[in-house]
Amino acid sequence: MAKLHGTSRSRSARSLWALEELGVNYEHNPMPTTDAKSAAHLKLNPNGHVPVLEDDGVTVWESMAINLYLADKYGQGSLWPSDPAGRADVYKWSFFAMTEVEPHLITLLRNRVMNAPDQRDEKAALAAIEALKAPMNALEESLKGKEYLLGKNFTIADLNVAAVMSWIPMMKLDLSAWPNVSAWLQKCLGREANKKVRGLK
Ligand SMILES: N[C@@H](CCC(=O)N[C@@H](CS)C(=O)NCC(=O)O)C(=O)O
């Protein structure tokens, strides 16, 4: 049986969402991030991070890699596109989320939510908001006239990008300049599988 290590209050939520969405029978080890550097966990992921997936003798770390693996293995005919062009879009949006969006959201999260008030740098937060404009514009343009990133159907591309952007409501970032992004994000985050994950340990 597949086993996912990592509390839902971490990036593990991304892979728990994929497991739930795909209807995979899995075991969840809700390991806190404070245990990620334990000797036992370092054997699974030498980076000392969660999430980690174990599945049929395969060990995968990096949330996006886990989700691409899961969608490929369990999502044929649903979350995983059957054609190379569709899969190219999946890779494109997943790497976009990790490289163009996540670093700025982390900066914002640290300086608006996570750090103690006297450790917050509002200048860095404002610079992150500025840097997010280009990727938000790209997303807005791509969603024009479409239900989801690849067209009519929700795929692992939507899940991966929306999962990275799931911190946005918590930060109350104003998305009114990007109405397509705002409507799409709400629709993705409102899916039952994601709502279920938010209630897990
Ligand atoms: N790029 C990695 C990042 C993983 C990561 O940084 N996970 C954090 C939790 S959200 C963690 O394990 N932190 C524990 C630590 O660094 O000791 C991914 O997406 O899986």
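Is Glu 130 buried, partly exposed or exposed? In this predicted model, Glu 130 has a relative accessibility of 48% and therefore counts as partly exposed. Its salt-bridge partner is Lys 133, with N and O 3.0 Å apart. Lys 133 is also partly exposed, at 36%. Both residues lie in helix 5. They are 3 residues apart, about one turn of the helix.

The structure holds 13 salt bridges. One of them pairs Glu 21 with Arg 191, with closest N and O atoms 2.6 Å apart. This pair links distant parts of the chain. Glu 21 belongs to helix 1, while Arg 191 sits in the loop between helix 8 and helix 9, 170 residues apart. Glu 21 is partly exposed at 21% relative accessibility, and Arg 191 is partly exposed at 24%.

A further salt bridge joins Lys 73 and Asp 55 at 2.8 Å, N to O. Lys 73 lies in helix 3 and Asp 55 in strand 3, so the pair ties together parts that are 18 residues apart in sequence. Lys 73 is partly exposed, with a relative accessible area of 35%. Asp 55 is buried, at 2%.

Helix 8 spans residues 179–189. Val 181, Trp 184, Leu 185, Cys 188 and Leu 189 are buried there. These residues lie on the same side of helix 8 because they cover an arc of only 120° around the axis. They pack against helix 1, helix 5, helix 6, helix 7 and helix 9.

Terms used:
Residues numbered from 1 in each chain as written. Predicted model: local features only at pLDDT ≥ 70, side-chain atom pairs only at ≥ 80, totals over all residues. Heavy atoms only, no water. Buried < 20%, exposed > 50% of the residue type's maximum accessible area, 1.4 Å probe, protein only. Helix = DSSP H or I, 4+ residues; strand = E, 2+ residues; numbered from the N terminus. Arc of directions from axis to C-beta. Contact = heavy atoms within 4.5 Å. Salt bridge = Lys/Arg side-chain N within 4 Å of Asp/Glu carboxyl O.
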